[in-house]
Amino acid sequence: MVNKNSDKMEIIEKRNSNFMHNEELIQDGDEVVVYMSYGELKSLKIKSGESFNMRFGHIHHNNLIGIPFGSRVQATAGFVYILRPIPALWTRCLPRRTQILYTPDIGAILMYLDLKPGSIVCESGTGSGSLSHQLANAIAPTGHLYTHDIDKLRVTKVIDEFQTHGLKDVTTAVMRNVCEVGFVVENKADAVFLDLPAPWEAISWAKKALSKEKGGRIVSFSPCIEQVIKSCDVLRKEGFVQVETIEIIPKTMKSVELFNDNLKAFDKRVNVFTDSVERIIPCIKSNNYKNEKGKKRTFDGSVVEVNESELDECDDADFSLTTKTIVSFPHSQPTHTGYLTHATLLPYF
Amino acid sequence: MDKVPEDDPNLIKVGSYAIVQKVGGDHIRLQKLNKKQKVLIEKLKFDGESLFGKKYGLFEVVQGKCNKVNVQDLLQKDGTGDLEMRHNDIDNLKNSNSTCNDQQKEDVEGSDLEKNDQQKRQKLTHVEIGQLREQGANAADLVTHLISGNTCFNDRTIHAKEKYVRKKTQRYQDRVLILKPTIRLITEAYYKRDPDRIGHLRLDQLGHIMALSPVRYGSKVFVFDQVLGLLLSSVIERLGSSGTCVTLHRGSSLQGVPCLDAMNFSEEHLSVLYPLPVQTLLTRESLFEKEIERENSSERSKERRQEKIKKEKYILSLLGPVDDKNHGGFFDALLIATRTVDPIDLLDKVWSSLAYSGTLVLYTPNIQHTITSYKWLRDNGGININIVDSFFRIHQILEGRCHPLMMQPVTGGYIVSAIKTKK
């Protein structure tokens, strides 16, 4: 896109924003992440003239062009936020073609592989590309990611996504069965990641891919312990050291404000089913025991008159005592994703 | 061995940092290797000087000195397929005809023998074991002698035999890994030995922080690090000599950051680092400019002062305004790892420096910080606010004996992440 100002001969050229390049304002052709509500994100490619439909109504793409990333945008039936795409958000809204790895495991994998700009990484399989984007992000711009998958569609899809996200130059995606013919590089990689049904069949190939002079790191992700047993045995026989298997079970939480009644307030409170302050309209928080002046509900729902002295006694209770804490949310969360087995290949030659 | 160039980064030199870990050992230590120094790891002691001039890797300790060895050669020599084991065909290791019954029979006759059950089973005494070590016996020889001296070895199951041999091999292990420090290894070393000083930051949580934040080559990051430089070093490594990393520190200069020292970053890598004194952040004025220039200072000293002032003013220009929290600032990411500092005070002062759609990631071992930060972020334009805790386990993986370790460190902290939006 070129902006030409008639008063000045200066030409300012802007590139599309992507994972590797930030512009402040949204442009035609950018990919953005639409944040609709907690847990509800969608990726969207901006095309002039088009509109985006969702449960909060619809938005015209033209209304998004020219505004900053991070803006709040009014839709016809609500509002949404337009965010810059980053690998962590991409993991949450990417089109799924396989089961994917999530950010806590991805974080550990990045650490266990000792990645940095310039690292050469081999990955198999590619899957939906969730981890691939994080790997490419970590090693760019002088490193390279070689990612292998046996499925042609997955390979072509991820190539398109790398192109869109500005990661094309630092990635190579190939259709290849690494358990049979190995990786596309030999004696070159700093790290190898395996997410395969039979990783023990790929470990000797991984050793060949790793640099003999520098050694390297390997990580394998397996959901089943039987896979781990076989993999560990082969790793040790192939001469890897520091072989270790771990698992991570994350728990997400949120902060809430809860009633923290003393006994007097507890005794007088009528609305016993409301546990969270967030569900109470603030203006009636302190008065929810009363239906109207001089009257109150009894246990069976009937309304009786209250004389003056009883009313005074009720006023003595403090109904606004609250406490803030954090609780697990949502109620159901993953208790297993997989085991991560990691090891070190020392230099040899 | 080939002669290696002097500036090889994989060469161990005087003053090099190294990660020390026995093969199969639990302990992992970060150590600076100086002249005339002994290294001690899990009762294995050796001369640090015998490492100089060699490459990082695997070593065998022979009478207090280190010899470089190759994993492939050892596997071939031992024939076990597992570096942590030295004996194969364990079931038939012992040929002796003595049995427990014979031993018990002798016990009845010799009433003055110790009745300690352990001592009955093992004929070798501590003194004898010590003598064998003095004579230069290696771990394999020692374990062979222990097996010969064990009167009940043949009565054990194959699993019990293997467990016994593995345990004794580890106990007397004389092979040691001397590795070049990485952030992964440094984090593990501190977490196991001195977790309070890093706010109980586990390696997987450090990785989670880095995965949540969009830090890459060329990013612009503001870092507050109260965890010995683990987070700061991770950011500097990820930036890879391009981008901007402003870090807050006490006093007038950034010094004594253990992880930064151990990583031994090149000047090129450190060129992205802009230290910001707390006082400068609080006053928004150049700290060095206010210092009175010493009358007799050298020309070189004056030059350095000017450079500091210039750098400090550049940092101040990157910070957002004091009075407008929802200002869209310069930085792509705001990373905070706190132990004792209230994150609210920090957020008050630097949130305006974070760009719209930029990411905040806060690590804290204090659960109260997560509660107060959550509300603060909601009130100040943060969305996608997540609080994450996690459980981490190490598993023993051996044929027929797989289970999580029965005892391991369980501490960790909380991670709060959010994205800044324009109100």
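Me: How do helix α5 and helix α6 of chain B cross, and at what angle?
Reply: In chain B, the axes of α5 (residues 139–149) and α6 (residues 158–171) come within 9 Å and cross at roughly 135°. Axes here are lines fitted to C-alpha atoms, for helices over the stretch in contact, with angles from 0 to 180 degrees between N-to-C directions. Helices are DSSP runs of H or I with at least four residues, strands are E runs of at least two, and both are numbered from the N terminus.

Me: Is this a predicted model, or what is it?
Reply: It's a predicted model, where local features need pLDDT of at least 70, side-chain atom pairs count only at pLDDT 80 or more, and totals for chains, interfaces and linings use all residues. Residues are numbered from 1 along each chain as its sequence is written, chains are lettered from A and ligands numbered from 1 in the order written, and side-chain values use heavy atoms, leaving out hydrogens and water.

Me: Back to the pair. What do we call that angle between α5(B) and α6(B)?
Reply: The crossing at roughly 135° makes α5(B) oblique to α6(B). Angles under 35 degrees count as roughly parallel, over 145 as roughly antiparallel, 65 to 115 as roughly perpendicular, and the rest as oblique.

Me: And which residues of α5(B) and α6(B) meet?
Reply: B:V143, B:L146 and B:I147 from α5(B) meet B:Y164, B:V165, B:K168 and B:T169 from α6(B). The residues of this contact are five nonpolar, one polar and one charged. Contact means heavy atoms within 4.5 Å. As for classes, Ala, Val, Leu, Ile, Met, Phe, Trp, Tyr, Cys and Pro are nonpolar, Asp, Glu, Lys and Arg are charged, and the others, Gly among them, are polar.

Me: What about α15(B) and α16(B), how do they pack?
Reply: Helix α15 (residues 343–350) and helix α16 (residues 367–379) of chain B pack at about 25°, with axes 9 Å apart. α15(B) and α16(B) are therefore roughly parallel to each other. B:P343, B:I344, B:L347 and B:D348 of α15(B) make the contact with B:H369, B:T372, B:S373, B:W376 and B:L377 of α16(B). That contact has five nonpolar, three polar and one charged residues.

Me: Is B:V350 buried or exposed?
Reply: Buried, with a relative accessible area of 1%. Buried means under 20% relative accessible area, exposed over 50%, and partly exposed in between (1.4 Å probe, protein chains only). B:V350 is in α15 of chain B, and leaving out residues up to four places away in sequence, B:V350 touches B:F222, B:L281 and B:L334. B:F222 is 128 residues away along the chain, yet the two C-alpha atoms are separated by 8.6 Å.

Me: Where is A:S130?
Reply: A:S130 lies in helix α3 (residues 130–139) of chain A. A:S130 is buried, at 3% relative accessible area.

Me: Where are cis peptide bonds in chain A?
Reply: One runs from A:S124 to A:G125, with omega near -5°. Another goes from A:A140 to A:P141, with omega near 0°.
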